[in-house]
Amino acid sequence: MHEIIICEKPKAAEKIAQAISPNVKKRKYNKKVSYWEIEEENKKITVLSAVGHLYSLTPVNPKSKVFFDLEWAPLYEIDKTKKYTRDYVYAIKKFSKDADKFIHACDYDIEGTLIGYNALKYACGQNTTANISRMKFSTLTKTDILDAYNNMIDLDLHQVESGSARHVLDFYFGVNISKSLMHSVRTAKKRFLKLSAGRVQTPTLSILVDREKQIKKFIPKPYWLIKALLNGEIIADHEDGKIFDKKRAEEIFDKCQNQNALVDEVKKTETIRKPPVPFNLGGLQSEAYGVFGFSPKKTQMIAQNLYTGGFTSYPRTSSQKLPKSLEYKKIFMQLSKNAEFKKHIQDLPSELKPNEGKKKDAAHPAIHPTGVLPDKLSKDELKIYELIVYRFISVFCENSKLESVKTDLLIADEKFNFKRKRVSYLGWLAHYPFKKIENENFLDIKKGDIIKVEKICSEQKETKPPARYNEASLIKELEKRELGTKATRADIIAKLYDRKYISGKKIEVNQLGENLIDTLKEYCEDLTSEDLTRDFEKRLEGISNDKTTQEAVVNDAEKEVKAILGDINKNEADIGDKLYDAYQQSRIVGECSCGGNLVMKYSPRNKSHFVGCSNYPECEITYSLPKGATFLKKTCPKCGLPIISFGKPRQHACLDPNCGKDNTKRHVVKVVGVCPDCGKDLVKRSGRYGDFVGCKSFPKCRFTCSLEELKDLESKSKK
DNA sequence: GCAAGGTC
């Protein structure tokens with residue numbers, strides 16, 4: 001008897017193998033892929049692992065114009081960056097050859113069910129469920145795993161179909177509509193522009209466009225704040241706060257002149273601040289953004305590295321819980337080997353009870369350190385690691401206490417007040433160095449005191465439009481709306497930047513992004529809102545509980561998408577025109593001395609961006625850009641060109657590297673050789689990073705090389 | 001070239 005257990009990921013496979021038998025032997029396939037063998041009296045068990053999806057949907061006919069005929073193919077054949085999945089597939093194929101029982105032990109959710117099913121079907125060659133059983137567990141603890149192993153259930157094919165349909169629907173809508181948008185631009189402008197739309201990315205962009213529109217249409221309203229300056233160190237606010245009635249503001253201002261303040265009441269309150277809750281992925285991303293300014297994607301990558309290194313736990317979790325089975329004591333003992341950590345750990349209460357959050361996750365606990373101390377980490381990795389460690393420590397700490405005093409004053413008969421607060425007991429705040437502690441001075445003031453008013457101020461202000469999203473607050477919004485998943489949200493936002501739909505840390509929507517949403521609202525409104533996700537969920541649920549079939553759902557979707565594509569096609573010249581013009585608009589970085597627009601351009605040859613004039617070829621001016629350069633909203637006081645920011649640490653400079661210097665230098669032409677690409681003269685030029693050699697017929701010919709490379713060229717041509 | 005979803 002030979003049993004095969006297929007798990008979703010290596011870490012889960014290890015836990016499952018260890019839970020089933022203490023006599024498990026860990027082995028390696030091809031030196032890379034781990035698998036586990038258990039030998040019992042009359043049965044052998046081999047525990048194998050996938051690495052997430054091993055198979056992916058792909059068009060049967062990749063050359064067709066639209067994709068409605070899809071099939072599953074190995075991921076390593078489709079995506080070059082996923083080559084590592086090949087060994088996992090091969091290992092499953094090899095060790096399952098002589099097996100007679102197959103156990104599906106992937107995460108108990110829709111994607112997990114599909115991952116295991118595809119592995120069993122395509123790698124193990126199981127075309128029926130006759131020899132397949134399913135383990136159902138909600139955590140990867142020994143008791144849960146053993147319980148699942150001893151009480152296996154049948155594989156639910158409705159769930160498999162439901163998961164499969166989700167992939168098909170996303171492909172139908174996403175890939176086909178994206179392709180048709182790009183096709184429109186090609187038809188209208190004979191240009192290639194990378195465009196995309198999808199069930200998650202488009203509503204996400206739409207959220208940003210809505211905010212952008214709110215900001216644009218916002219009309220600021222004036223209001224007044226009346227403040228009283230007392231004793232040189234007290235600023236008291238009028239009780240009404242924002243006063244929109246100018247007359248009322250003037251009335252208070254006049255009335256309070258040359259009056260003393262009577263202390264009407266002094267109220268002291270103490271509030272308790274609970275420790276923070278353990279990190280889930282979103283929480284970690286948000287905190288790392290706030291504390292270090294790391295993008296959610298960067299944080300996710302670092303967290304993945306720390307997990308692979310064995311220093312922290314599985315990062316793609318939505319859990320804010322730390323179950324007891326983690327053995328906190330053991331982790332703290334190990335962390336205490338680090339002297340800094342020890343200082344904080346020794347103050348922990350003897351009974352360890354974490355302050356947990358509400359969110360749960362079926363497969364993983366909250367992010368926590370494993371206790372294994374890293375020796376070599378990059379600066380950024382160390383930052384995230386310490387953030388995780390100190391957060392872990394602080395959730396076990398005591399509450400902190402905050403003391404605040406509110407003092408009510410009467411000036412004339414107008415009510416004013418001021419507040420002061422300080423931390424009266426540090427508790428967890430002493431062990432979480434990433435939280436600032438604000439301690440304000442308390443004053444010795446009692447009810448009935450009279451204080452001299454030095455000055456009454458009336459400040460005119462304006463109401464402000466709603467704030468722009470940043471990457472962290474956008475992720476929170478997506479979590480709230482249940483758009484995307486914990487593992488994909490950061491990637492989706494990065495994609496919107498990459499497509500040039502949005503820009504800036506405080507996210508602004510570019511013309512292209514706005515136009516794309518406008519276009520899609522006209523042709524498939526559902527795609528621009530959460531409606532499509534909700535709609536998918538309903539249909540997929542129908543498949544899960546046998547109210548409809550995968551075939552029916554997929555056929556319906558095909559009809560819908562075909563109708564949308566038909567509409568887009570009819571208007572493609574107009575759509576393409578507008579999209580490309582919008583794209584051009586968002587590339588403008590400044591004004592050229594010839595009166596044209598300076599626009600960002602890309603040189604495929606040099607694989608780099610540069611700035612050129614919209615009047616090219618009449619105006620041939622170009623500016624090279626240093627790596628990672630961004631444009632500031634400032635212009636150079638000397639020449640009016642935009643100011644760029646570049647380098648590490650960031651420095652600011654005029655777009656023209658020769659600005660302020662002897663400008664003629666740039667145009668001094670000294671022939672130094674012959675261009676190997678076009679045969680014209682090669683000339684010496686000077687750029688931001690020093691001198692180089694370029695072709696005289698630039699920008700028609702974009703050949704460049706360094707002075708050293710020129711010497712090599714000369715010696716070669718002599719031979 | 002295109003989606004969204006898993007994971008090293």
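These legends go with close-up views of a predicted model. Local features need pLDDT of at least 70 and side-chain atom pairs count only at pLDDT 80 or more, while totals for chains, interfaces and linings use all residues. Residues are numbered from 1 along each chain as its sequence is written, and side-chain values use heavy atoms, with hydrogens and water left out.

**View 1. A patch of positive charge on the surface.** Here Arg273, Lys419, Lys421 and Lys435 come together. To join a patch, a residue needs over 30% relative accessible area and no salt bridge, and like charges are joined within 9 Å. A salt bridge would be a Lys or Arg side-chain nitrogen within 4 Å of an Asp or Glu carboxyl oxygen.

**View 2. Lys435 in its loop.** Look for Lys435 between strand S13 (414-425) and strand S14 (450-462); strands are DSSP runs of E, at least two residues, numbered from the N terminus. Lys435 counts as partly exposed because its relative accessibility is 38% (buried is under 20%, exposed over 50%, partly exposed in between, with a 1.4 Å probe and protein chains only).

**View 3. The S2-S3 hairpin.** Strand S2 (residues 25-29) runs antiparallel to S3 over 5 bridges; pairing takes at least two DSSP bridges. Lys28 sits opposite Ser34 in S3. There are 3 residues between the strands, and Asn30 in the turn has a positive phi of about 55 degrees.

**View 4. S3 and its hairpin to S4.** Strand S3 (residues 33-39) is largely enclosed by the rest of the structure, because 6 of its 7 residues are buried. S3 pairs with strand S4 (residues 44-49) in the antiparallel sense over 4 bridges, with Glu37 partnered by Thr46 in S4.

Terms used
Chains lettered and ligands numbered in written order. Patch = residues over 30% accessible without salt bridge, like charges linked within 9 Å, V, L, I, M, F, W, Y side chains within 5 Å. Areas by Shrake-Rupley, 256 points an atom, 1.4 Å probe, with all protein chains shown as cover. Lys, Arg positive; Asp, Glu negative; His and termini not counted. Charge placed at Lys NZ, Arg CZ, Asp CG, Glu CD.
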